[in-house]
Amino acid sequence: MGKTIEEAMEVTNKAVMEVKKFRFSMETVLHYREQLLDTLRIEHAAAIARVREQEAVVAALQQRFDEVNEEYRDRKQQGMTIADAVGYDLILRVQEKEIEKARETLALRKREEESKRNEVIHAKTDKATIEKLKEKKWKLYQKSVQKSEEQFIDEFVSNARVMAGAAVH
């Protein structure tokens, strides 16, 4: 009528084995989002580097323009030929166009960097959402395991009482 201790232990071992391991169904999606975020961070860093490089180009062109302009003013005060003045004027106009073109390129690089930054922010948000979902699923899983363990303990205690009562008779 009653169960032996060996039978109770066997039931116990089966119950422990039945507890499923936690598995998050969106783990592959989370992994993909992490990889995407890493890639976007690298691309964003490269975009920042391109902005810095272009800023250096603009600064160098501006510095060269200022130097030529200063030289032109000095020479003009000392006296110069009309041909030299026209030559300086031409050089300065060409340099102004180069500076303007470099600034346009800088503006483009900045827009690209901002776009990449927004992509990184979006990817971080997506990843965080999935991580929060995983955390919720983990908590539910832990509650389920705790409930299973409590149920198992209750059954074990009940079986032990039945066996103890059977042993007395």
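**Close-up views of a predicted model**

**View 1. A nonpolar surface patch.** Ile153, Phe156 and Val157 make up a nonpolar patch on the surface, with about 240 Å² of accessible area together. Areas are from the Shrake-Rupley method with a 1.4 Å probe, and for residues only the protein chains shown count as cover. Valine 157 lies in helix H3 (residues 82–168). Valine 157 counts as partly exposed because its relative accessibility is 34%, where buried is under 20%, exposed over 50% and partly exposed in between. The model is predicted: local features need pLDDT of at least 70 and side-chain atom pairs pLDDT 80 or more, while totals for chains, interfaces and linings use all residues. Numbering starts from 1 along each chain as its sequence is written, and side-chain values use heavy atoms, without hydrogens and water.

**View 2. Histidine 44 and its contacts.** Histidine 44 sits in helix H2 (residues 27–78). With 15% relative accessibility, histidine 44 counts as buried. Beyond neighbours within four places in sequence, histidine 44 is in contact (heavy atoms within 4.5 Å) with Glu113, Lys116, Arg117 and Val120.

**View 3. The end of H2.** Glycine 79 follows H2, and its phi is positive, near 105°. Helices are DSSP runs (H or I, at least four residues), numbered from the N terminus.

Terms used
Helices (H or I, at least four residues) and strands (E, at least two) are DSSP runs, numbered from the N terminus. Buried means under 20% relative accessible area, exposed over 50%, partly exposed in between (1.4 Å probe, protein chains only). Patches are made of residues with over 30% relative accessible area and no salt bridge: like charges are joined within 9 Å, nonpolar side chains (Val, Leu, Ile, Met, Phe, Trp, Tyr) within 5 Å. A salt bridge is a side-chain nitrogen of Lys or Arg within 4 Å of a carboxyl oxygen of Asp or Glu.
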